[in-house]
Amino acid sequence: MDPEEVVQEDEGLGWGKSLPVPSVQEMVRKDSQSVPERYIQEHNNRPLDSEFSPDLCEIPIINFSLLANGDEEEQRKLDLACKEWGFFQITDHGVTEKVLHDMKEAEAAFFQLPLEEKKKYAMGENDLQGYGQGYVVSEQQKLEWCDLIFLLTLPPKIRKFKHWPVSIPGFKEAVETYSTDMQKVAEELLANLSLLMGMEKEDLKSLHGEMKQAMRMNYYPLCSRPELVLGISPHSDASTITLLLQDDELTGLQIRHKQKWVPVKPIPNAIVVNIGDALEVWSNGVYKSIEHRAVTNEKRSRMSIATFFIPGDEAEIGPLESMVDDKHHLRMYKKIRYLDFLRHSLGSKLDGKAHTEFLKLETE
């Protein structure tokens with residue numbers, strides 16, 4: 001047996017936990033017309049049409065191949081996207097259609113399993129890895145219209161295969177190949193961001209210590225009253241950056257831009273990239289981690305795959321000297337061990353930008 005595939009003891013991640021709640025997918029399968037009270041969002045959280053951006057602006061699109069080849073115009077576009085949007089889509093990224101297709105098929109195969117089979121991969125009592133729901137920290141909070149499976153994917157030694165549905169033919173292989181390709185894309189993006197932040201190409205990656213990669217595979221069932229629920233509540237990611245593979249046809253992701261919600265229209269085979277909280281802090285607020293949410297629809301279910309790139313537990317996040325200027329860019333955030341920040345983030349429900357507000361220094 002490959003030593004990487006030995007099932008580890010269930011000591012958990014030490015990051016936190018999420019309370020078990022019923023499967024939304026199963027609930028809709030049994031009754032597709034009802035929306036239980038606990039899923040109906042408070043009025044100010046509902047996805048109302050009046051909140052949408054009237055000009056239907058779209059997030060920036062960056063040609064990854066040009067960026068990787070040092071194209072200065074594409075680097076400027078990256079800098080501007082991170083400053084003004086915190087989100088962008090990349091095309092021509094070199095990840096083959098087959099790799100993307102196989103990953104989507106692997107995710108679909110998991111959510112097609114019977115509930116009892118999916119439960120074999122359920123999150124542990126003190127763990128966030130596995131099948132369930134995320135950020136459920138109390139019995140009273142409103143729930144999201146989403147099931148998920150969360151896996152740690154890199155480095156290989158942190159994988160816990162008891163949470164991986166390896167019984168699905170090709171699942172493990174699809175995830176491993178996709179994971180490797182996403183890592184290459186992320187490292188190229190970090191290298192360009194390092195240069196834009198006034199550092200050497202490898203510096204941002206080095207700050208992570210032992211960088212971790214995690215995947216959250218989301219299943220959003222159709223909903224008879226999509227205006228009442230949210231697939232994921234507004235939040236920013238605790239990561240450095242996140243790469244998202246969307247449904248090629250259905251729009252579900254929305255980002256907050258200039259106080260309005262902007263739908264992120266899918267571009268087939270493109271990858272959506274967003275800045276996470278760790279990069280906002282390292283950049284001293286120059287690059288923004290932006291609130292985003294997911295909405296549902298009446299027509300059919302939707303799936304997505306978010307790949308998070310996060311610092312090692314002992315890495316320190318805080319404004320980098322190259323991003324601090326005593327006159328124009330005062331230090332905005334305190335320094336903190338990343339594990340402590342992650343525990344704080346995962347220990348509460350999703351709540352907009354509350355996690356970065358927690359890190360901000362008080363200003364006179």
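Modeller: Let's start with a term: buried means under 20% relative accessible area, exposed over 50%, and partly exposed in between, using a 1.4 Å probe and protein chains only. This is a predicted model, where local features need pLDDT of at least 70, side-chain atom pairs count only at pLDDT 80 or more, and totals for chains, interfaces and linings use all residues. Residues are numbered from 1 along each chain as its sequence is written, and side-chain values use heavy atoms, with hydrogens and water left out.

Colleague: Thanks! Why is cysteine 223 called buried?

Modeller: Its relative accessibility is 0%, and the cut-off is under 20%, so cysteine 223 counts as buried.

Colleague: How do you know how many disulfides there are?

Modeller: A disulfide is a pair of cysteine sulfur atoms within 2.5 Å, and by this rule the count is 0. For cysteine 223, the closest cysteine sulfur belongs to cysteine 146 and lies 13 Å away, too far for a bond.

Colleague: What makes strand E10 (residues 271-275) a covered strand?

Modeller: Strands here are DSSP runs of E with at least two residues, while helices are runs of H or I with at least four, numbered from the N terminus. In E10, 5 of its 5 residues are buried. Ile271, Val273 and Ile275 lie on one side, with Val272 and Asn274 on the other.

Colleague: And what makes E2 (residues 87-91) a partner of E10?

Modeller: Two strands pair if DSSP finds at least two bridges between them. E2 and E10 have 4 and run antiparallel; phenylalanine 88 is bridged to valine 273.
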